[in-house]
Amino acid sequence: MKHAKPIVLIAILLILALAFGWWWIQRAKPGDQIILYGNVDIRQVSLAFNANERVAQMRVSEGDEVKQGQVLAVLDTAMLKLRIAQAEAQVDVQEHALRRLLAGNRPEEIAQAKATVVAARAEVDRADQQYHRLQSISRETGGRAVSRQELDAAQAAQAVAQAQWDSKNKALQLARAGARKEDVEQGRSQRDAARAELAILTQQLRDAELKAPIDAVVRSRLLEPGDMASPQRPVYALAITSPKWVRAYISETDLGRVRPGQAARISTDSHPNEFLNGRVGYISSVAEFTPKTVQTPDLRTSLVYEIRINVDDAAGRLRLGMPATVQLDLGAAEGGVAKPDQAAGANER
């Protein structure tokens, strides 16, 4: 009897171990989860300058984390600053010209024009008197003392003096009236054109600093100081670290068991026993053949649907293109079916 008790205890322990093993197998049976294979995907941004100029500074390198608004590179702006100074001077010239048109003539200028009118009037009176005197002498002497040529010259001088007086009088009227409305509008347009040119150059000066549009990590540094930059030559390639997702493919037979918002667990070959949490964010509505880059146990000619699983990767363990395994827990979906607004938002992503 003394030997029977240890045997019974061992038997009980064996039964418990078998029961636990059976429970563990049943817990992880394929019917409760779907395993997918895919690759990590990250959006990328190629940054380029808007101008054609030489690069003066490159402030970050591959692997550096950058923040939104951070200056990454700077162009040589020596010539641009000279053009800005020239444009500022041109704006001042047009501003003064417009103010002169709006202010009209100075009182001294009007007085000067008025004086020339008076002088022209006096010349008209003198020419009239000379012509009438010669005409009177000619009548008294019967044309012997004054020739016809002298009378014609005096008459012509009288007409010239009258024309000059008319011209000076019109000039006085214009001086009093000031600039025409059309001249003022032309001056205003020239001023606005100079301002617009200055604004363009000022914007080009701001664009000489290449800034990060979003928080990201530098993937590639494509130019160096001294290189000629252009809108067609990227300077940096940035990887947007958030959001990240795994692009996987699901068969048609399992498609109806997956919903947007459904919970998922993601693991990689480098951390097979450490899981990242995620959720189904997008399910394609169009079938396609399995891409050759995806490692799945199914036939590669099978029709599948693309699915994206958004991943919470605060530690930054996932890298672009990294193979990943996705476990979809069929019992962990939010209510089995995602709410309409959640599904719509997921498909938009």
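Leaving aside its neighbours within four places in sequence, with which residues is Val326 in contact? The model is predicted, so local features need pLDDT of at least 70 and side-chain atom pairs count only at pLDDT 80 or more, while totals for chains, interfaces and linings use all residues. Residues are numbered from 1 along each chain as its sequence is written, and side-chain values use heavy atoms, with hydrogens and water left out.

Val326 is in contact (heavy atoms within 4.5 Å) with Ile34, Ile35, Leu36, Val246, Ala264, Arg265, Ile266 and Ile309, apart from neighbours within four places in sequence. Val326 is also one of the residues with the most contacts inside the largest nonpolar core, which has 23 residues. A nonpolar core is a set of buried Ala, Val, Leu, Ile, Met, Phe, Trp, Tyr and Cys residues joined through side-chain atoms within 4.5 Å; buried means under 20% relative accessible area, exposed over 50%, and partly exposed in between, with a 1.4 Å probe and protein chains only. Among the elements giving two or more residues to this core are strand 1 (33-41) and strand 14 (323-329). Strand 13 gives the most, with 4 residues. A second, separate core of 19 residues includes Val55, Met58, Val60 and Val66.

Thr77 lies elsewhere in the chain, in the loop between strand 5 (71-75) and helix 2 (78-103). Helices (H or I, at least four residues) and strands (E, at least two) are DSSP runs, numbered from the N terminus. Thr77 is buried, with a relative accessible area of 14%. Beyond residues up to four places away in sequence, Thr77 touches Leu205 and Ala208.
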